[in-house]
Amino acid sequence: MIMTSEWAFIIDEADQLSAMILSSEQAQKYRDAYREVYGDEELVQQINAFTKMKEQYEDVQRFGKYHPDYHTIMKKIREQKRALDLNERIANFKIAENEYQDLLDEVSLIIGKSVSEAVKVPMSNPFFSSGSSCGSGCGSGGSCSCSA
């Protein structure tokens with residue numbers, strides 16, 4: 001590919017957009033929430049324990065209720081998940097993560113639609129998938145009937 005002045009301009013604009021996203025309020029909240037969670041050694045240990053339990057849970061899922069530790073592991077995974085979900089720092093981190101993802105989705109949608117209305121832009125939030133109520137299918141192949 002030959003570098004033209006148009007490509008140089010596009011790359012400069014992309015760099016500026018990237019810098020704007022990284023300096024956004026959502027990005028800063030995400031970084032702060034990340035530091036809050038992963039700066040606490042006890043919380044990191046809880047997350048690691050939950051991750052290990054998830055591996056056991058996936059093993060149990062292969063065999064279902066016939067697995068010898070089915071009830072024990074199912075109970076433990078729920079307890080650990082609830083403990084993490086009720087942790088204020090984890091909750092703040094999830095909220096910050098969702099807000100940052102929404103920002104990225106909005107930017108992707110604007111860029112995609114500036115190229116063509118026919119461009120399909122993957123979205124994590126169906127609210128942004130179209131200007132209408134639900135968009136063009138909520139990822140189910142275009143046959144959505146929800147009324148969000």
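Of the 148 residues in the protein chain, 22% count as buried. The model is predicted. Its fold is helical: the chain has five helices and zero strands. Along the sequence the pattern reads α-α-α-α-α.

**Second largest pocket**

This pocket has a volume of about 230 Å³.

Which helix gives the most to the lining of the second largest pocket? It is α5, with four residues. The lining includes Ile90, Phe93, Lys94 and Glu97. Also among the lining residues are Val37 and Tyr38. Ile47, Phe50 and Thr51 line the pocket too, as do Lys81, Leu84 and Asp85.

**Nonpolar surface patch**

Elsewhere, the surface carries a nonpolar patch of about 520 Å². Met3, Trp7, Phe9, Ile10 and Ile11 make this patch. One of these patch residues, Phe9, lies in helix α1, which spans residues 5–22.

Is Phe9 buried or exposed? Phe9 counts as exposed because its relative accessibility is 52%, and the cut-off for exposed is over 50%.

Terms used. Residues numbered from 1 in each chain as written. Predicted model: local features only at pLDDT ≥ 70, side-chain atom pairs only at ≥ 80, totals over all residues. Heavy atoms only, no water. Patch = residues over 30% accessible without salt bridge, like charges linked within 9 Å, V, L, I, M, F, W, Y side chains within 5 Å. Areas by Shrake-Rupley, 256 points an atom, 1.4 Å probe, with all protein chains shown as cover. Salt bridge = Lys/Arg side-chain N within 4 Å of Asp/Glu carboxyl O. Helix = DSSP H or I, 4+ residues; strand = E, 2+ residues; numbered from the N terminus. Buried < 20%, exposed > 50% of the residue type's maximum accessible area, 1.4 Å probe, protein only. 1 Å grid on protein atoms, 1.4 Å probe; cavity = no way out; pocket = protein on both sides within 12 Å on 5 of 7 lines; lining within 4 Å. Points joined across faces, edges and corners; volume = space filled by probe spheres on them.
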